[in-house]
Amino acid sequence: MTARNVQTAIVLQGGGALGAYEYGVLKALYESRPGFRPVAVAGISIGAITAAVLGGAAGDPIRALDTLWRRKLTVAPPVPAPWLPAPIDRALATFGNPGMYQLQAGLFTTPWLLTSIYDTRPLRDTLAELIDPRRLDDDTTRVIVGAINVTTGVMEYFHSRQPGGLTFEHIAASGSLPPSFPMTPIGEHRYWDGGLFSNTPLGPAINALEQAAGGDRRVERELVVVELFPMRAAVPRTFTDVLKRMVQLQYTSRLTLDADFFNQMSNVIDLITAVDDALPADSPIRTDPLFTTMRTHRKIDHLNVVTSSLPPELSNAGDFSRSSIEARIRAGYEDAMNQGIGDVDGPGLQFGVTASDVEPVRATG
């Protein structure tokens with residue numbers, strides 16, 4: 001039996017401390033598929049940080065992600081304090097996160113001169129410890145991160161194939177969420193968190209998949225999407241519920257793409273392939289710019305979506321407490337395993353199945 005050639009791209013949303021859920025999903029994915037390595041991983045904000053460590057780790061990527069989440073980004077009291085009330089423990093990151101951000105020095109002296117509450121110098125130290133810049137930029141696993149240009153309002157995606165390659169500053173730019181974090185300068189431009197514009201970088205991931213294996217049509221292509229902010233939710237009943245739902249709607253995707261839509265696009269791509277095979281070699285259609293572009297598109301054969309449904313006590317994106325981080329990692333791992341993440345043909349949102357009772361997948365075009 002011929003071994004299957006499956007190329008996988010991963011999409012990671014932004015969501016602060018909720019990103020621990022993404023680590024749980026990735027841990028399950030790598031454990032279930034020995035030797036697995038994606039061709040691309042696209043992320044926004046905390047998803048960009050996770051993507052950069054996954055694609056650029058100096059050693060084992062899952063071990064590096066474990067260090068990122070359990071040692072670098074977890075915030076604990078300066079001394080063991082088992083008596084500390086849970087609400088205070090969950091709010092400790094307000095005063096800083098040693099692996100990501102610290103209060104601005106001038107916050108209590110000249111706050112009117114500041115444009116953010118924190119600075120993100122600790123994040124550069126974390127990235128430098130966990131990531132080999134050469135591996136981040138070698139394109140074996142293409143890392144794609146998105147940030148919004150503050151001046152132009154245009155969403156820009158950065159990756160290793162761009163002039164100058166992918167740097168830690170691009171990663172920091174993707175997570176520069178105002179007003180908490182400062183704008184990140186890159187060249188003459190300034191950037192904020194890409195989640196302000198689009199929190200699900202599905203388009204760049206699909207583009208990378210189409211280019212995988214030189215565009216070989218015989219290759220199976222799989223898209224794995226981890227959603228931290230579900231589109232569907234109950235009607236809010238309290239003021240706290242209203243605030244939570246507002247954030248969900250702000251950072252979830254705007255465009256719904258379900259299995260039926262992907263089936264339709266796959267059929268169009270099959271039709272273009274059939275037309276290409278049937279056309280005479282000298283047909284003028286072969287030189288038509290639109291037809292030439294259409295011929296470059298490839299089907300996404302498998303679409304696996306893991307959507308977070310964390311309870312309210314674990315849904316605070318600013319809660320980096322150890323108990324909450326551990327609970328989110330566990331939830332992501334269990335959700336992915338229960339969905340059968342190790343099986344490409346598992347029960348995730350698959351083509352040719354009924355999707356009426358399945359959480360839809362969103363994309364950014």
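**A helix and its partners**

Modeller: Let's start with arginine 330, which counts as partly exposed at 46% relative accessibility. Here, buried means under 20% relative accessible area, exposed means over 50%, and partly exposed is in between, using a 1.4 Å probe and protein chains only. Arginine 330 is found in helix 12. Helices are DSSP runs of H or I with at least four residues, strands are E runs of at least two, and both are numbered from the N terminus. From arginine 330 to glycine 340 is 10 residues along the chain, and their C-alpha atoms are separated by 15 Å.

A quick word on the ground rules. The model is predicted, with local features needing pLDDT of at least 70 and side-chain atom pairs counting only at pLDDT 80 or more, while totals for chains, interfaces and linings use all residues. Residues are numbered from 1 along each chain as its sequence is written, and side-chain values use heavy atoms, leaving out hydrogens and water.

Now follow helix 12 across to helix 3. Glutamate 326 makes a salt bridge with arginine 70, and their closest N and O atoms are 2.8 Å apart. Arginine 70 belongs to helix 3 (residues 61-72) and glutamate 326 to helix 12 (residues 322-339), so this pair ties together parts that are 256 residues apart in sequence. A salt bridge here is a side-chain nitrogen of Lys or Arg within 4 Å of a carboxyl oxygen of Asp or Glu. Both partners are partly exposed: arginine 70 has 25% relative accessibility, and glutamate 326 has 23%. Asp66 joins in too, as Asp66, Arg70 and Glu326 are linked in a network of salt bridges.

Helix 3 has another partner of this kind. The side chains of lysine 72 and glutamate 129 meet in a salt bridge of 2.6 Å, N to O. Because lysine 72 lies in helix 3 and glutamate 129 in helix 5 (residues 121-130), the pair ties together parts that are 57 residues apart in sequence. Lysine 72 is buried, with a relative accessible area of 19%, whereas glutamate 129 is partly exposed at 44%. Over the whole structure, a search finds 14 salt bridges.

Next, look at how helix 3 packs against helix 2 (residues 46-56). Their axes come within 8 Å and cross at roughly 140 degrees. That makes helix 2 oblique to helix 3. Axes are lines fitted to C-alpha atoms, for helices over the stretch in contact, with angles running from 0 to 180 degrees between N-to-C directions. Under 35 degrees counts as roughly parallel, over 145 as roughly antiparallel, 65 to 115 as roughly perpendicular, and the rest as oblique. Helix 2 brings Ile46, Ile49, Thr50, Val53 and Leu54 to the contact, and helix 3 brings Pro61, Ile62, Ala64, Leu65, Leu68 and Trp69. Contact means heavy atoms within 4.5 Å. Sorted by type, the residues of this contact are 10 nonpolar, 1 polar and no charged. In that sorting, Ala, Val, Leu, Ile, Met, Phe, Trp, Tyr, Cys and Pro are nonpolar, Asp, Glu, Lys and Arg are charged, and the others, Gly among them, are polar.

Serine 45 sits in the loop between strand 2 (40-43) and helix 2. Its phi is near 60 degrees, a positive value in a residue other than glycine. At 12% relative accessibility, serine 45 counts as buried.

Trp69 also leads us inside. The largest nonpolar core has 68 residues, and Ile10, Trp69, Met100 and Phe320 touch the most other members. The largest share of this core, 8 residues, comes from helix 1 (residues 20-32). A nonpolar core is a set of buried Ala, Val, Leu, Ile, Met, Phe, Trp, Tyr and Cys residues joined through side-chain atoms within 4.5 Å. Take phenylalanine 320: not counting residues up to four places away in sequence, its contacts include Trp69 and Leu73, along with Met100, Tyr101 and Ile325. Apart from this core lies another, of 18 residues, including Ala205, Ala208, Leu223 and Phe262.
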